[in-house]
Amino acid sequence: MGEHCAIVGVGQTKHDTLRVDVSMPGLIREAVTKAFDDAGVSWGDIDAVVLGKAPDMFEGTMMPELFLADALGAVGKPMLRVHTAGSVGGSTAIVAASLIQAGIHKRVLTVAYEKQSESNAMWALTVRIPFQQAIVAGAGGYFAPLIRAYMARTNAPDDTGIRVALKDRLNALKNPTSHLTFPDVSYEMVRDSPMLWDPIRYLETCPSSDGACAMVLAAEDAAKTSPNPPAWVHATAMRSEPTMFPGRDQVNPQAGRDCAAALYKTAGIKNPRKELDCAEIYVPFSWFEPMWMENLGFAPAGEGWKMTQEGATALDGDLPVNASGGVLSSNPIGASGMIRFAESALQVRGLAGEHQVPGAKKALGHAYGGGSQFFAMWVVGSEQP
Amino acid sequence: MSESLKPVTAIKAPVHLEFSYTAGRASTRFLRGMAQGKILGQRCPECGKVYVPPRGSCTICAVPTDVEVEVTGKGTVTTFCIVRIPSDSLSIDPPFTCAHILLDGADLPFFALIQECPFDEVRMGMRVEAVWVPKEELGPTFESIKYFRPIDEPDASFESYKEHL
């Protein structure tokens with residue numbers, strides 16, 4: 001790493017099923033304006049823009065970056081679009097950070113969004129591969145067999161997923177940007193919700209959201225003049241692997257393990273569970289919490305579910321996971337990864353509001369995408385590395 | 001406010017896609033096999049893994065998989081999902097069971113439909129076989145296999161397929 005990079009501004013929209021009150025440019029401006037207010041900057045202070053969103057078919061609008069260039073304030077400036085499926089929000093933030101770390105720019109605006117109400121993601125994800133039956137029902141249909149495999153491998157108690165969903169849905173009540181909120185959510189309510197992709201229940205599933213997230217990233221000098229405390233980037237990492245090959249561990253993918261190992265090495269972290277104060281990880285279906293706890297090295301293989309069952313991942317546990325309510329509560333797909341990264345930054349800046357983890361100094365942001373094949377992660381801290 | 005003064009918040013703009021698909025050499029061999037009621041795969045000359053359907057190269061060894069092998073339609077359900085949510089883009093109406101099937105002699109499971117069995121009686125390790133469309137309907141498509149159905153064999157042990165999950 002060359003220059004230091006800090007997150008000096010974070011903005012999110014109110015995420016919702018249907019934001020008909022704003023167009024795509026309006027949705028983005030809502031998040032960017034908030035990030036600018038936080039950072040104390042305006043359009044003229046930004047050197048470059050890095051945009052991320054999920055596949056165009058999710059909204060039925062091809063290459064939206066063409067008409068978003070002016071809404072993003074990118075006219076006359078470098079602009080990039082990043083695409084790594086569901087992990088895109090994370091990899092977009094990493095690309096933006098690398099422009100600072102490389103010493104190319106002083107301030108970079110990074111934005112990710114999805115207006116899922118404008119198309120149908122399940123339709124877009126139920127790929128009609130030529131010469132094959134269309135039977136893999138969206139992301140749930142793809143991931144449910146992997147969850148069943150995890151359950152069989154680990155003999156985890158059947159209600160682990162219910163407990164994750166309950167925790168995240170309770171956390172969501174403390175986050176004003178949350179899309180799905182169930183004020184009277186209970187264990188029984190989650191347990192009795194309908195099976196959509198057995199073994200995944202309705203309340204163990206992420207919603208389809210309209211929403212955007214923006215961050216202002218800054219080099220050291222610019223960060224030190226910011227009005228609010230910065231979050232410093234301690235390490236970033238990305239890894240990928242093919243969807244299918246013989247012997248592929250789809251439950252605990254090698255790319256995710258390698259990505260975490262590289263991340264911790266750069267960040268100088270030896271014991272992630274002890275040294276990190278909280279984590280925002282990409283959990284679109286409840287069971288992915290215990291699965292990623294193992295993949296990220298927080299728990300030994302086969303024991304991730306114990307962290308959920310013991311309450312370690314709760315807001316008052318030793319490693320709060322998804323204090324924001326997570327992807328289960330808000331899922332503008334293209335932005336979901338960036339929201340994880342942004343929420344981890346808010347935690348170490350002490351600006352997470354009601355869902356603040358007390359005294360959080362070092363946090364993990366995590367995103368994955370495709371068939372569990374793209375991974376993007378960062379560690380941010382309140383102290384300059 | 002009169003109807004004509006209300007803001008336009010959304011319009012419907014349906015998308016329709018048609019595309020040509022270039023199968024490539026390995027998939028062409030596989031699809032020609034399908035048209036003859038055969039399941040053709042390819043073996044990696046270095047690690048010996050068998051790809052069904054073949055991809056033309058081994059992802060692990062990064063070499064061409066030029067040894068063709070034929071496998072039977074018998075295999076094992078390694079894991080599965082019971083789909084209960086309807087979608088316009090699905091081939092059939094829920095509930096149904098979509099399984100990962102590992103054919104005997106192959107090293108790569110693929111998604112397939114299980115029928116001729118109540119959807120909630122499918123198990124990990126269940127032994128199944130391919131059910132083909134009638135001979136005159138065979139074509140260069142995976143849809144020459146209608147679905148898989150259970151066969152009267154004891155379930156495969158978890159140990160035997162756990163490397164493929």
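Leaving aside neighbours within four places in sequence, Lys167(A) is in contact with Thr313(A) and Ala314(A). The model described here is predicted. Lys167(A) belongs to helix H6 of chain A, which covers residues 160-172. Between Lys167(A) and Leu315(A) there are 8.3 Å in space, C-alpha to C-alpha, although the two are 148 residues apart in sequence. Lys167(A) has 26 other C-beta atoms within 10 Å, and the limit for a buried residue is 20 or more; Lys167(A) is therefore buried.

Chain A also contains an open sheet of nine strands with mixed pairing. The strand order in this sheet is E3-E2-E4-E7-E1-E8-E11-E10-E9. At the edges stand strand E3 (79-82) and strand E9 (278-280) of chain A. Each of these has a single partner strand, so one side of E3 and one side of E9 are left without a neighbour in the sheet. On average, and with direction ignored, neighbouring strands of the sheet are turned by 25 degrees against each other.

Within the sheet, strand E10 (residues 362-369) and strand E11 (residues 374-381) of chain A are paired in the antiparallel sense, with eight bridges. In this pairing, the residue of E11(A) opposite His366(A) is Met377(A). Helix H9 of chain A, formed by residues 254-267, packs on the sheet. Strands E8 (231-240), E10 and E11 of chain A are touched by H9. The direction of H9 makes about 150 degrees with that of E8(A).

Contacts between the two chains involve 33 residues of chain A and 34 residues of chain B. On the side of chain A that touches chain B, the elements giving two or more residues are helix H4 (121-125), helix H5 (138-154) and strand E5 (195-198) of chain A. The most is given by H5(A), with eight residues. By residue class, this side of chain A divides into 21 nonpolar, eight polar and four charged residues.

Strand pairing also links the two chains: E5(A) pairs with strand E4 of chain B, residues 74-83, in the antiparallel sense. Two bridges make up this pairing. Trp197(A) has Val83(B), in E4(B), as its bridge partner.

Note on methods. Residues are numbered from 1 along each chain as its sequence is written. Chains are lettered from A and ligands numbered from 1 in the order in which they are written. This is a predicted model: local features need pLDDT of at least 70, side-chain atom pairs count only at pLDDT 80 or more; totals for chains, interfaces and linings use all residues. Two strands pair if DSSP finds at least two bridges between them. Helices (H or I, at least four residues) and strands (E, at least two) are DSSP runs, numbered from the N terminus. Axes are lines fitted to C-alpha atoms, for helices over the stretch in contact, and angles run from 0 to 180 degrees between N-to-C directions. Two residues are in contact if their C-beta atoms, placed from the backbone, lie within 7 Å. Ala, Val, Leu, Ile, Met, Phe, Trp, Tyr, Cys and Pro count as nonpolar, Asp, Glu, Lys and Arg as charged, and the others, Gly among them, as polar. A residue is buried if 20 or more other C-beta atoms lie within 10 Å of its own, exposed if 12 or fewer, and partly exposed in between; C-beta atoms are placed from the backbone.
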